[in-house]
Amino acid sequence: MPTSTSAAAPATVLEVRRYFPTTRERVFAAWTSAEALKRWHAPDNAVVQDARVDFRVDGHWHVRMIGNDGQLHTS
């Protein structure tokens, strides 16, 4: 992970690593395609109701799902 000598370094960094027996392109699409997120980005039997991705500068990433307990969860 790169280090920064700047005093304005980010306070929080998240790095996720996992290896899949597939191509990099398919993994990238799974994280950046709203339709792909709807198929896999929910724990257990929760249901993704809405997924939106916009990776432009100042864009947003949004997932809304209903959990097994009936509660609404958003990220």
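First, some ground rules. This is a predicted model, in which local features need pLDDT of at least 70 and side-chain atom pairs count only at pLDDT 80 or more, while totals for chains, interfaces and linings use all residues. Residues are numbered from 1 along each chain as its sequence is written, and side-chain values use heavy atoms, with hydrogens and water left out.

Let's begin with the overall plan. The protein chain holds two helices and three strands, and reading along the sequence gives the pattern α-α-β-β-β. Here helices (H or I, at least four residues) and strands (E, at least two) are DSSP runs, numbered from the N terminus. Of the 75 residues in the protein chain, 16% count as buried; buried means under 20% relative accessible area, exposed means over 50%, and partly exposed lies in between, with a 1.4 Å probe and protein chains only.

Now to the strands. They form an open sheet of three, in the order β1-β2-β3, with antiparallel pairing. Its edge strands are β1 (47-53) and β3 (72-74), each of which pairs on one side only. From one strand to the next, the twist averages 10°, where axes are lines fitted to C-alpha atoms, for helices over the stretch in contact, and angles run from 0 to 180 degrees between N-to-C directions. Two strands pair if DSSP finds at least two bridges between them.

Six bridges join β1 to β2 (residues 61-66). Most residues other than glycine have a negative phi. Aspartate 58 is also exposed, because its relative accessible area is 71%.

Moving on, β2 and β3 pair in the antiparallel sense over three bridges. Methionine 65 has histidine 73 in β3 as its bridge partner. The hairpin of β2 and β3 has five residues between the strands, and glycine 70 there takes a positive phi near 85°.

Back to our opening question. The aromatic pair is formed by tryptophan 31 and tryptophan 40, edge-to-face, at 5.0 Å centre to centre and 75° between the planes. Rings of Phe, Tyr and Trp (its six-membered ring) pair if their centres lie within 6.5 Å; planes under 30 degrees apart count as stacked, over 60 as edge-to-face and the rest as tilted. Tryptophan 31 counts as partly exposed because its relative accessibility is 40%, and tryptophan 40 counts as partly exposed at 36%.

Tryptophan 31 also leads us to the largest pocket. Its volume is about 400 Å³, and of the 13 residues that line this pocket, the closest to its centre are Phe20, Thr22, Val27, Ala30 and Trp31. Helix α1 (residues 24-32) gives the largest share of the lining, five residues. A pocket is an open set of points on a 1 Å grid over the protein atoms alone, where a 1.4 Å probe fits, with protein on both sides within 12 Å along at least five of seven lines; lining residues have an atom within 4 Å of a point.

Definitions and conventions
Points joined across faces, edges and corners; volume = space filled by probe spheres on them.
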